[in-house]
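I opened my notebook and went through this structure piece by piece. Here is what I looked up, in the order I looked.

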Amino acid sequence: MYKCGGVVVKIDKGLVGGSTILLLLSLLQEKDRYGYEIIRELEIRSDNTFQFKEGTLYPVLHKLENMGYVESYLSKGDAGRERKYYQITKRGRKQFVEEKQQWDIFSKSVEKVIYGDDHEFA
Amino acid sequence: MNLLKSDKFIKEVLSYIKFPFDREDIKKELEAHILDKMEYYIDDRGIDKITAEELTLRDMGDPKEIGIALNKEHNFILGWIYKITNAIVTIFLIITVFTAGISLISTIFSGNPAKHISKEDIVYDIKVNEKVKIDDRVIKFKNVIYEKNGDMNIVYEYYDTKLLGMGWSLGHIGTIKDNLGNEYFEGSGSSSGGIITKGVETMNDFSSEADTLIIEYDMYNRYYKVEIPLKVGDSNE
Amino acid sequence: MSRKKKVVRNIIILIVLSILTFTRGIYLTPIAAHEASERSIHYGPSKVVHIEDFDGGKYILCKYDKWISCNTINRTMYFFWTFGNQVTGIEVDKEKPLNFTWSHSNDRYKIYGIINDNNINRVELHLEDGTTLSQTKFYDDNMFLFTWEGESGIGDVKAYDSQGNILFEDYR
């Protein structure tokens with residue numbers, strides 16, 4: 001859901017399409033996280049713009065593991081229940097850099113089209 | 001969990017996971033998430049348990065959608081191949097360690113092939129430590145023991161440098177002669193071992209006057225000659 | 001490691017372990033087994049002049065330096081080969097018109113030899129039960145091999161020239 005002129009609108013039913021992997025890898029390359037932690041962090045950082053059907057996060061995480069971008073392990077963390085943590089791999093970091101570059105190019109191109117050449121937002 | 005609605009939710013997700021052995025892990029992961037979210041509603045938002053559960057399950061999404069998407073990432077066939085190859089590797093490793101272990105143990109425990117000779121019978125025991133090689137076999141002559149009854153024992157060991165092969169054992173260490181021109185024929189011999197074969201060859205009525213023992217192998221264009229100086233005369237230990 | 005990678009790793013381990021376990025004493029071809037057998041017993045490497053099948057293995061007739069031999073290689077586990085027996089042979093004695101030797105195991109007999117007298121163009125083997133085996137085309141120009149099964153032992157060996165004269169005979 002995003003706020004558009006005060007009206008809260010749902011963006012999509014599942015996770016946010018193509019940039020999902022970029023978002024997840026971005027959070028994981030900072031530190032290892034478990035599923036719920038990732039959801040919370042996404043909500044906090046996006047000022048609740050990104051709100052997901054939380055369960056749909058897990059197929060994506062498992063897919064990332066199958067692709068070798070992350071690895072998982074069980075840990076009790078800081079005095080809590082045992083949770084499955086996800087850790088980014090070397091391959092994952094490489095993939096993150098690539099996707100980030102692609103996103104930069106993509107978003108700049110969109111802005112150029114919308115705002116014209118004069119206004120370049122960093 | 002004693003939360004009926006959550007259990008039902010998770011059960012439905014799991015019903016779409018075809019590979020049974022991954023279900024338990026997925027169950028635990030979803031349970032943890034649900035409990036975490038409920039805790040948030042209860043602790044941070046002051047909501048009651050029952051409503052918290054409802055809100056949480058609503059936030060989770062559609063169990064069918066989640067189950068189907070998860071199932072895609074837990075391929076049934078790959079899962080079984082994984083399980084089967086794991087089992088075969090385990091069996092193999094056990095067999096390999098076992099057979100290697102037996103070889104190693106029989107080598108270590110085969111001990112000294114000449115241990116049946118008691119010390120009082122020994123006139124002299126000379127360390128030889130000479131090494132020869134024919135084809136892929138390395139033969140080490142360790143020592144020679146001369147007994148009061150005239151028996152001359154040659155203690156040796158050998159191994160194959162191409163470890164993988166299980167080859168023929170060494171038939172014959174060579175012709176045994178002394179410097180006086182006598183030739184001796186094997187009275188008795190024995191050998192045993194795993195990776196390293198240890199053996200002893202015993203000649204009867206070996207001359208007490210000879211000062212050199214000669215072992216000469218000359219067969220099918222393979223040749224070696226080992227000359228061992230002996231102690232003559234006094235009976236040392 | 002992803003599951004796919006783990007499966008690949010498992011398969012590699014299985015291949016390596018299989019090679020270590022099953023190739024001990026086992027060879028892919030009869031010639032490989034033959035060469036390994038010779039080397040292990042410190043003989044050869046021979047020149048193979050003829051190979052003959054029997055039920056469960058092959059006879060490999062060879063020459064090496066001043067010796068001749070007829071090694072036996074056995075089939076194992078359907079596809080593979082392993083050492084048999086009678087790896088080493090006899091020394092050739094050029095003084096005699098013909099050298100031969102024989103062996104027998106499990107009702108299988110073999111006689112093989114070398115012809116030193118060029119005039120010999122036919123070798124005959126008479127078995128105890130009256131059967132006659134003969135050879136006129138020799139391997140590598142001068143070696144012969146007779147194999148048979150059954151209980152009948154060797155009667156005698158005769159060698160003839162082109163006119164039918166007996167140049168060699170030996171009774172058992």
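I began at H42(C), which comes after α2(C) and has a positive phi, near 65°. For the labels, helices (H or I, at least four residues) and strands (E, at least two) are DSSP runs, numbered from the N terminus. I noted that this is a predicted model, where local features need pLDDT of at least 70, side-chain atom pairs count only at pLDDT 80 or more, and totals for chains, interfaces and linings use all residues. Residues are numbered from 1 along each chain as its sequence is written, while chains are lettered from A and ligands numbered from 1 in the order in which they are written.

Next I asked myself why α2(C) is largely enclosed by the rest of the structure. I found that eight of its eleven residues are buried, so that explains it. Buried means that 20 or more other C-beta atoms, placed from the backbone, lie within 10 Å of the residue's own. P30(C), A33(C) and H34(C) are among the buried ones. The buried residues of α2(C) pack against β2 (57-64), β3 (67-76) and β4 (80-83) of chain C.

Then I looked at how chain C meets chain B. I got 23 residues from chain C and 22 residues from chain B in the contact (C-beta atoms, placed from the backbone, within 7 Å). On the chain C side, α1 (3-22) and α2 (30-40) each supply at least two residues, and α1(C) gives the most, with eleven.

Last, I zoomed in on one helix pair. α1 (residues 4-15) of chain B packs with α2(B) at an angle of about 145°, and their axes are 10 Å apart (axes are lines fitted to C-alpha atoms, for helices over the stretch in contact, with angles from 0 to 180 degrees between N-to-C directions). The residues making this contact include I10(B) and L14(B) of α1(B), plus I26(B) and L30(B) of α2(B).

Methods:
Two residues are in contact if their C-beta atoms, placed from the backbone, lie within 7 Å. A residue is buried if 20 or more other C-beta atoms lie within 10 Å of its own, exposed if 12 or fewer, and partly exposed in between; C-beta atoms are placed from the backbone.
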